[in-house]
Amino acid sequence: MNSPGPAGSRVRSGRSAVPTGSAPATCRPSSASPPPPPPRPSRSRSRVRAGRRDEVAATGSTFKSCGCRGEGGTKLGRKCPKLFRADGRWSPTHGKWNYQLEMPRHADGARRGPLRRSGYSSQADAEAEMNQARELLGIAGEDEATRIQIADLIAATIKETGRLPDPDEVRRKVRTRQDLAVTLTVAQFLAEWLAGRRGLSESSRRSYASHLKLYLVPHLGHLRLDRLGVADVDRMFDAIDELNELIIRARQTGDPDLRVQVKGRRVVGAATKQRIRATLRAALGKAIKQRMIEVNVAALVELPSGKAPKPLVWTPERITRWRRDLDTYTIEVNERRARQRGTAKGVGNKINRVDAYVGAPRPSKVMVWTPALTKCFLERAERHPWHALYYVIAFRGLRRGEGCGLRWSDVDLDAGTATVRSQFIQIGPDIFEGKPKTDAGEATISLDASTVAVLRAHKARQNTMRLAAGDAWHDAGLVFTDGTGQRLRPNEVTDQFERLSMEAGLPPVRLHDLRHGAASFLLAAGHDMKTVQETLRLSSITIAADTYTSLLPQVARKSAEDAAAIILNADAQAALTTI
């Protein structure tokens with residue numbers, strides 16, 4: 001349908017004015033005599049019937065008009081003789097079809113002009129839209145206040161979009177008693193939803209906020225909530241995959257422009273995608289309860305399983321295989337760079353060693369060092385200012401953010417305890433302070449003698465840095481800081497950990513995997529899952545069992561060797577003499 005424009009001249013009560021006298025010279029018909037008067041335009045009426053609330057009583061009519069002008073330059077509108085045949089019927093070739101529909105008064109009782117729309121190529125098209133407007137008004141039934149609101153909505157929507165509102169959408173809003181004048185975007189609704197969540201832990205609130213800030217709002221925020229579809233959510237995850245590819249390409253090529261684009265961003269894995277969808281699904285579930293939407297589209301999106309991979313221990317066989325894979329991966333990336341250098345600006349000659357180290361395939365995303373490998377790392381890190389931080393994480397299983405947020409006021413070196421009360425969370429370039437991940441995470445942990453000694457030495461070095469910094473020292477009371485007492489950026493702590501691991505010649509693990517290593521050491525020392533749960537401050541023993549069961553075969557093999565050694569080393573002859 002052509003885009004409607006302003007209607008022709010004003011009509012009274014739906015009746016067509018009959019042209020009189022001779023036509024102006026610019027539009028004079030070929031016959032010398034004036035044409036017969038045209039018939040009245042088609043006019044349709046419907047009335048409210050008793051018990052039928054979806055009927056309408058608006059009176060309307062369809063008619064033709066054109067843009068011809070008379071001798072004075074005035075538009076003829078509906079009075080142009082060319083609009084009619086010699087027998088008075090409408091001309092099939094001249095002019096466009098229009099309609100006008102009576103509208104209810106304004107809320108203050110003032111008279112509202114009729115709805116006039118023009119520019120239709122056929123009478124059927126004009127009548128179809130007029131009937132749609134009638135349908136909209138009829139949704140109110142006998143409720144005059146709602147009828148007035150619908151009329152206001154029709155006027156506002158036409159002004160904004162040039163189209164009538166969707167009757168099904170208006171019907172749903174009327175049925176659920178929503179404000180017809182308000183149309184929420186996804187961004188507006190998500191902000192209201194998060195603000196209305198009570199009882200959330202600070203870490204959960206930060207997690208939801210990061211999903212909104214980094215993914216949901218940038219990709220879906222501009223859409224209307226009631227028009228959000230499965231395809232829109234699919235496109236968001238496609239965009240996340242594209243970002244992942246960009247991050248990987250930036251690492252592999254070393255292109256400085258690409259690195260700027262992905263600065264502070266990390267690859268979004270399957271588990272994180274599941275959490276992003278869970279956030280959207282929870283928000284849309286609230287919208288369904290409020291009857292703002294009818295379908296939770298987030299629940300219909302298919303994603304790869306976000307089940308966390310089981311930790312695996314770096315055995316000698318796995319390390320040998322990884323070293324071969326690292327060499328192959330490095331050669332492949334460098335060959336790809338050589339091919340790209342002719343066409344891509346800024347592509348380096350060879351991949352950065354750390355990027356190759358981190359990017360090479362490994363047996364599992366979650367790998368655990370043996371005690372010997374962990375000791376090797378800590379010896380390499382001993383010369384680094386953050387050695388004590390890595391030591392506490394490796395020995396007592398703190399999360400990265402919990403280590404960065406630890407304060408001296410929560411550490412008792414004489415008693416050998418530390419209380420975890422807060423953590424620093426980095427979302428893109430921003431850093432926030434919040435409570436530990438779970439309620440169980442806020443607890444007091446015991447420190448072994450070696451960890452106490454490391455912390456005492458670290459405190460002495462920090463005091464030396466404080467004296468050297470003088471007035472530039474920022475006294476936040478944090479255990480782990482930079483050279484001026486400022487808090488550490490969690491992502492930089494991770495980056496430095498990767499460099500130190502590579503320099504030590506170790507197979508790669510994530511910084512968080514030091515926490516898994518702490519669990520493996522407890523299991524190897526003969527402690528049960530309950531001890532693992534309490535030490536790592538997990539919310540349930542089920543999580544401990546699900547996460548660390550894969551480490552048990554390694555522990556079981558050691559137990560079997562220990563048991564065999566007891567038997568093989570026993571003095572059988574001495575035993576016989578005692579019988």
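I began with the lining of the largest cavity in this predicted model. I found Val368, Trp369, Thr374, Ala394, Val509, Asp513, Leu514, Gly517 and Phe521 around it. Sorted by class, I have 6 nonpolar, 2 polar and 1 charged residues in the lining of the largest cavity. For the space inside the largest cavity I wrote down about 40 Å³.

Next, I looked up how many cavities of 30 Å³ or more there are. The count came to 2.

I listed its lining as Trp408, Gln462, Arg466, Trp473, His474, Asp475, Ala476, Gly477, Leu478, Thr481 and Gly485. By class, I noted 4 nonpolar, 5 polar and 2 charged residues lining the second largest cavity.

My last entry is on helix packing. Two packed helices are described by the angle between their axes and the distance between the axes. For helix 1 (residues 123-138) and helix 2 (residues 144-161), I have an angle of about 140° and axes 8 Å apart. Which residues make the contact? From helix 1, I noted Ala133, Leu136, Leu137 and Gly138; helix 2 brings Arg147, Ile150, Ala151 and Ile154. The class tally for the contact of helix 1 with helix 2 is 6 nonpolar, 1 polar and 1 charged residues.

Key. Residues numbered from 1 in each chain as written. Predicted model: local features only at pLDDT ≥ 70, side-chain atom pairs only at ≥ 80, totals over all residues. Heavy atoms only, no water. Axes fitted to C-alpha atoms, helices over the stretch in contact; angles between N-to-C directions. Helix = DSSP H or I, 4+ residues; strand = E, 2+ residues; numbered from the N terminus. Contact = heavy atoms within 4.5 Å. Nonpolar A, V, L, I, M, F, W, Y, C, P; charged D, E, K, R; others polar. 1 Å grid on protein atoms, 1.4 Å probe; cavity = no way out; pocket = protein on both sides within 12 Å on 5 of 7 lines; lining within 4 Å. Points joined across faces, edges and corners; volume = space filled by probe spheres on them.
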